[in-house]
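Hi,

Here is the structure I promised to pass on.

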Amino acid sequence: VRLAAAAAANVTVDGLAEDPGPHRIRVVEVQVKDKDLGRLQANLPFSGTEWVEATLVDHGVRYPVEFRYRGFGAVHHVGNKRSFRLKMKRDGAFAPYKRLNFLNPKSLNMVNVDLAYWIAQRMGVATPFEDMVFVRLNGRDHGVMHLCEQVDGDYERNRHLGTEDVPVYKGDFPPTNVRVGLQRGPLWKSADNWEYLGDADSTEARRKLEGLVWAVNQRNLPWERRRDTLEKLIDVDAFLRFAAAIKVLDTRHIDNYHNQLLVLSPRSGRFYPVLWDPILLFAPKGEPFYVAHDALSYWLLRDPEWRWARDRYIAEALATLHAGGAFARHMDEVLERIGPSVFADRNKYCTLTQASQDVDRYSLVHWALSARQLRTQMSAYWDRLSEQVHAEDLRTDGDQRTAHVTGSAVPPLQITIEGDSLAWDTSTPGPDQRLLAFERDTATGALHFTWLPLTARA
């Protein structure tokens, strides 16, 4: 019923848009021999790693490329808008990128993932090159798609940060053509569960990854030693910005099994993360403020100073994106830019969930309503998140001998109590357990408390 309704709306409403105007996004023309394309389509997903010769036409120039279908799960292989990947020379039409994915968009509004990447970039998080494009395959409109760089060892070279490959590790599910199913275990259980990418020497990178996995798995390691070890192996600030972005995006599509990318910086000698496949408003409702999306983030979010830094990045992002209106303005620009291409698209398919039955047709009505819904829901979510970030409802009472401090604020709060002779009694009644960490100023005798909610979980 839903597919039939979408198809009817697609024909009825889109039929009114006979002249949508010129495209404002890049048009990508790909040509593959019909016999090769038919052979690949007939054996999906098991043909998903077979490359065939193809041609990319850009402004009349014909570039030789290689073509294959891609994606984990049937969700990428059903419907008439199948996701695919191109491999090309570095000096080709998309220089300097050599591997690009063309993905069936993961929302009726077409721009959910594109906007998520833009937000993360504004927050200082490393991301792949990506954009919205209109694809023609063998002379037929394939439609609006999301273009995204396939991250590899040339990630830093593509950004003019070096001239050689750097070590990159990918943590993800194996390709769908692996008939035996999932062969790798949780990423932070063993360095063997990460895939090495690129041509750079992996000797040093492998030892550092093994050390990082070891530190993550030591449950009884003294915190000072754990913190010192982590600071030597990872760019802590980059990971805290990454954690802040995950909270601002409200995504949970990055976990202990997939969508993880680690780049070893030749400048610092430490790993930093690259965001991969974020989806706005993807997390389940009611998640705690300090949710750990994987085993490494569990330890990062147990340190008061690091929590403070993450929360500061969240607050800064909300001040610009939400209160300052930057997100709303950018979303307007993106929708205006892809509008003519959405109107012109006669192959309207999108992915609604990770289930193959939810690769659906859509219409202009679906597109407009979904975009409006995304705007409304993001605003409501950021309102709630702002309340959490800025909550400071501490209350104090007592007499000259005793002070009672109570409150339910979520972010870390610092409290200073001064006196000639101080004793303390910390209690955490109720289910909302909290930790009160403190240290004494030897010069003044003041006690400095840090109020920390224990809501982080693996």
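**A salt bridge to start with**

Arg 375 and Asp 332 join their side chains in a salt bridge, at 2.8 Å from N to O (a side-chain nitrogen of Lys or Arg within 4 Å of a carboxyl oxygen of Asp or Glu). The two residues sit in distant parts of the chain, 43 residues apart: Arg 375 in helix H11 (residues 364-389) and Asp 332 in helix H10 (residues 326-344). Helices (H or I, at least four residues) and strands (E, at least two) are DSSP runs, numbered from the N terminus. Arg 375 is partly exposed, with a relative accessible area of 28%, and Asp 332 is partly exposed too, at 39%. For burial I use under 20% relative accessible area as buried, over 50% as exposed, and partly exposed in between (1.4 Å probe, protein chains only).

Before you read on: this is a predicted model, where local features need pLDDT of at least 70 and side-chain atom pairs count only at pLDDT 80 or more, while totals for chains, interfaces and linings use all residues. Residues are numbered from 1 along each chain as its sequence is written, and side-chain values use heavy atoms, with hydrogens and water left out.

**The helix pairs**

H10 and H11 pack at an angle of about 170 degrees, with their axes 12 Å apart. Axes here are lines fitted to C-alpha atoms, for helices over the stretch in contact, and angles run from 0 to 180 degrees between N-to-C directions. H10 and H11 are therefore roughly antiparallel (under 35 degrees counts as roughly parallel, over 145 as roughly antiparallel, 65 to 115 as roughly perpendicular, the rest as oblique). Contacts (heavy atoms within 4.5 Å) bring together residues including Met 331, Asp 332 and Leu 335 of H10 and, from H11, Trp 367, Arg 375 and Trp 382 among them.

Helix H5 (residues 203-217) packs on helix H6 (residues 223-233) at about 155 degrees, with the axes 10 Å apart. That makes H5 roughly antiparallel to H6, and the H5 and H6 crossing is left-handed. Among the residues that meet there are Leu 212 and Trp 214 in H5, and Thr 229 and Leu 230 in H6.

**The barrel**

Seven strands form a closed barrel in the order E1-E2-E3-E4-E5-E7-E6, with mixed pairing. Strands pair if DSSP finds at least two bridges between them. The twist from one strand to the next averages 40 degrees. Helix H2 (residues 34-42) packs on the sheet, where it touches strands E1 (26-32), E2 (52-58), E3 (61-69) and E6 (130-137), and its direction makes about 20 degrees with that of E3. Helix H3 (residues 112-122) lies across E6 and E7, and runs at about 150 degrees to E6.

Which way do E1 and E6 run relative to each other, parallel or antiparallel? They run parallel, joined by five bridges, with Glu 29 opposite Arg 136 in E6. E6 and E7 pair in the antiparallel sense over eight bridges, and Val 133 stands opposite Met 145 in E7. Two residues lie between the strands of that E6 and E7 hairpin, where Asn 138 takes a positive phi near 55 degrees. Six of the eight residues of E6 are buried, so E6 is largely enclosed by the rest of the structure.

How many salt bridges does the structure hold? The count is 28. One of them joins Asp 58 and Arg 26 (3.3 Å, N to O), linking strands E2 and E1 across 32 residues. Asp 58 is buried at 15% relative accessibility, whereas Arg 26 is partly exposed at 30%.

Arg 99 also forms a salt bridge with Asp 154, with the closest N and O atoms 3.0 Å apart. Arg 99 lies in E5 and Asp 154 in the loop between E7 and helix H4 (155-158), so the pair ties together parts 55 residues apart in sequence. Both Arg 99 and Asp 154 are buried. The two also belong to a salt-bridge network with Arg 90 and Asp 152.

Cheers

Terms used:
Left-handed = near helix turned anticlockwise from the far one by under 90°.
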